[in-house]
Amino acid sequence: MKKKIVFLTGAGMSVESGFKTFRGNDGLWENYPVEQVASHEGWEADPTLVTNFYNMLRRKLWQAEPNEGHRLIAALERDYDVSVLTQNVDNLHEKAGSTHVIHLHGELTKVCSSIDPYDERYIQQLTPEHSDVEPGTKAGDGSLLRPFIVFFGESVPMLEPAAREAMKADIFVIIGTSLNVYPAAGLVQYAPQGCPVYLIDPDPVFNAPNGKFTHIQKGASEGMKELCEKLGFKK
Ligand code: OAD
């Protein structure tokens, strides 16, 4: 049976693909205040601004390519049972070929009902050809169509399936997250006792997990190369 590697990834995973992190930009995300574009209150206050922001981000996403870090995670599926638990709303893990990705904070390529974002009947998949949402567009249930994004102040329904994956980990790897945002940041605590934990981040991570872990102090691509060497994995 293949060993299981569980990855928990955050904004730093996609930096080398051209996306900005959340913290470290003076509270701005892609030049907008995080509260304005990524909170429940921000959405309620100005759905037009929020819709246009995600339209902009989605257009950027179609142009973006996975980096070597994303590609190595996907390549590991040859020898390992790989699960990716990501806080990122981009689709770069999937684009790199990862087949088991759990999006904790939603997906930029989808829009949904604002009454019940998880009602499958009203979730729409957008494409490069049909990417922008006209502000004011309604979902099938008559509510405003909103980005399929978990805003601050909302629950994280994918947490439970993610925790179940974490519990089965033989190896747990954290990449590019400041581990500031709960409940996602707590997922490493579900890893079995004694499971080796790696942290790939070019900077010191102040909220680093409790217990023993190996910090590979590099960016996602170089860090993944080093991890693969440590695992004896050749692409
Ligand atoms: P942060 O911006 O808090 O943290 C990004 C981390 O990436 C930092 O620790 C950086 O040092 C690291 N980093 C920077 N460049 C890197 C590189 N080239 N390779 C690897 N790591 C690098 O982002 P998150 O922890 O992902 O939530 O933020 C968590 C959540 O807060 C997001 O999912 C989002 C946000 O508000 C929602 O949208 C609900």
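**Setting up.** I am working with a predicted model, in which local features need pLDDT of at least 70, side-chain atom pairs count only at pLDDT 80 or more, and totals for chains, interfaces and linings use all residues. Residues are numbered from 1 along each chain as its sequence is written, and side-chain values use heavy atoms, with hydrogens and water left out.

I looked up strands and helices as DSSP runs, numbered from the N terminus: helices are H or I with at least four residues, strands are E with at least two. Strands pair if DSSP finds at least two bridges between them. Three strands make an open, antiparallel sheet, ordered 7-6-8. Strand 6 (residues 106–113) is joined to strand 8 by four bridges in the antiparallel sense. I then noted helix 3 (residues 47–63), which packs on this sheet and touches strand 6 and strand 8; touching is contact, with heavy atoms within 4.5 Å. The direction of helix 3 makes about 140° with that of strand 6, as an angle between N-to-C directions on a scale from 0 to 180 degrees, with axes fitted to C-alpha atoms, for helices over the stretch in contact.

**Strand 9.** How many residues of strand 9 (residues 171–175) are buried? I found five of its five, where buried means under 20% relative accessible area, exposed over 50% and partly exposed in between, using a 1.4 Å probe and protein chains only. I171, V173 and I175 point one way, F172 and I174 the other. In a regular strand the side chains alternate between the two faces of the sheet. Strand 9 runs parallel to strand 1 (residues 4–9), with five bridges; L8 stands opposite I174. Strand 9 also runs parallel to strand 10 (residues 197–200), with four bridges, and F172 has V197 as its bridge partner there.

I listed the buried residues of helix 6 (residues 159–167) as L159, A162, A163, E165 and A166. They lie on the same side of helix 6 because they cover an arc of only 160° around the axis, taken from the directions from the axis to the C-beta atoms. Their cover includes strand 1, strand 4, strand 5 (101–103) and strand 9.

S83 is in strand 4 (residues 81–86). I count S83 as buried because its relative accessibility is 1%. Which side chain makes a polar contact with the side chain of S83? I found that of E165, at 2.7 Å; a polar contact is a pair of N or O atoms within 3.5 Å, and within protein one must be able to donate a hydrogen and the other to accept it, while residues adjacent in sequence count only if both atoms are side-chain atoms.
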